[in-house]
Amino acid sequence: MTSASAPVPVEPVQDRSPAGAGGSAGPGGSAGPSGRRSQRRGPAVDVAGLGVGRALGFVAPALLLIGAFLVFPAIWTIYIGITNYRLTGVEAVSPSIVGLSNYTQALNDALFHNALWLTLLFVLGSAIIGQNVLGFTLAWVMRRARPAVRRTVEAFVLLAWILPSTVVAYLWVAFFDRDGGTLNGLLGTPGTAWLIDYPMACLVVFNTWRGTAFSMMLYSSALQAVPPSQLESARMVGASGWQTLRDVVFPHIRGHVLTNTLLISLWTANDFSPFLLTKGGPNHESETVPVYIYNVALQGGELGYSSAISFLLLIANLLVSLIYLRLLRRRS
């Protein structure tokens, strides 16, 4: 005789989808229109177990250095810029607040306008065009060179970059020298005073030679990200060198070009090396903004006025950086 067994209760099958079929989510999350469960970000977890006090102790040295060498000088420059503080005299002991008169003077100063124009020429010629083009050209050519040749070229280019600015300036002064200079010897033009007759052209060539190493290294690294298969495909379809660069290479390294242009432009705009070659002369024909600030502050003694110009240069650097960040955000 067969006995009927008791029926086994069957549990209802639960929906294991993130939020069912568009229904409500479990605790800690809510279902969106697409049925996905959005997680709420909880409070930060102290994984290392340091605590706030010890964590601040670790970052305190860095914060002190930033405050001492960046924040405090910037605040002090802003304060000095609204005073008539001078290097000597009564104003050096007890300066008074003059408000925005230093900035008004700068906006109406013909020498400051001249320094701005020369700085733009210096940045455009030696950074945006010179270092960018020469650095990319070297990186593009050296990518297929033999290892020995590539290492030799990189060593010479890096040597120009790591040498102290005073040493490099002395070498270029000797190169451009009127009496017995190397350039006059090569061109057969004895007696030509290059630093007097063509001061800005000499500065552009000098800074291009000195700073190309950074662009070359950055572009050498960027070119490694270009797929070789795409370069080979462009070669097989008969694309010219310019077409390959325009349609294959540049789309992959556009971000590197923006980064390199921003960095070398800011470095060049704030570079003091032109003073080592020409001191801003002759007759202010090579006086970029950093050199003009130095001449106004230490030779003219007008620390308040020079501080106002320094703050204007800081604002210009910030604007350029914001434009760069906007371009990167638009690209992404």
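A helix here is a DSSP run of H or I with at least four residues, numbered from the N terminus. The model is predicted.

Q: Which helix holds F275?
A: Helices are numbered from the N terminus. The run covering residues 274-278 includes the place of F275. That helix is α12.

Q: Is F275 buried or exposed?
A: Buried means under 20% relative accessible area. The relative accessibility of F275 is 12%, so F275 counts as buried.

Q: Which residues does F275 touch, not counting residues up to four places away in sequence?
A: Contact means heavy atoms within 4.5 Å. With residues up to four places away in sequence not counted, F275 touches V291, Y294, N295 and Q299.

Q: How far apart are the C-alpha atoms of F275 and Y292?
A: Along the chain, F275 and Y292 are 17 residues apart. The separation of their C-alpha atoms is 9.3 Å.

Q: Is L63 buried or exposed?
A: L63 lies in helix α1, residues 51-81, and is one of the residues that make a nonpolar surface patch of about 1200 Å². Exposed means over 50% relative accessible area. L63 has 52% relative accessibility and therefore counts as exposed.

Q: Why is α9 described as largely enclosed by the rest of the structure?
A: A residue under 20% relative accessible area is buried. α9 is largely enclosed because its buried residues number 19 of the 25.

Technical notes. Residues numbered from 1 in each chain as written. Predicted model: local features only at pLDDT ≥ 70, side-chain atom pairs only at ≥ 80, totals over all residues. Heavy atoms only, no water. Patch = residues over 30% accessible without salt bridge, like charges linked within 9 Å, V, L, I, M, F, W, Y side chains within 5 Å. Areas by Shrake-Rupley, 256 points an atom, 1.4 Å probe, with all protein chains shown as cover. Salt bridge = Lys/Arg side-chain N within 4 Å of Asp/Glu carboxyl O. Helix = DSSP H or I, 4+ residues; strand = E, 2+ residues; numbered from the N terminus. Buried < 20%, exposed > 50% of the residue type's maximum accessible area, 1.4 Å probe, protein only.
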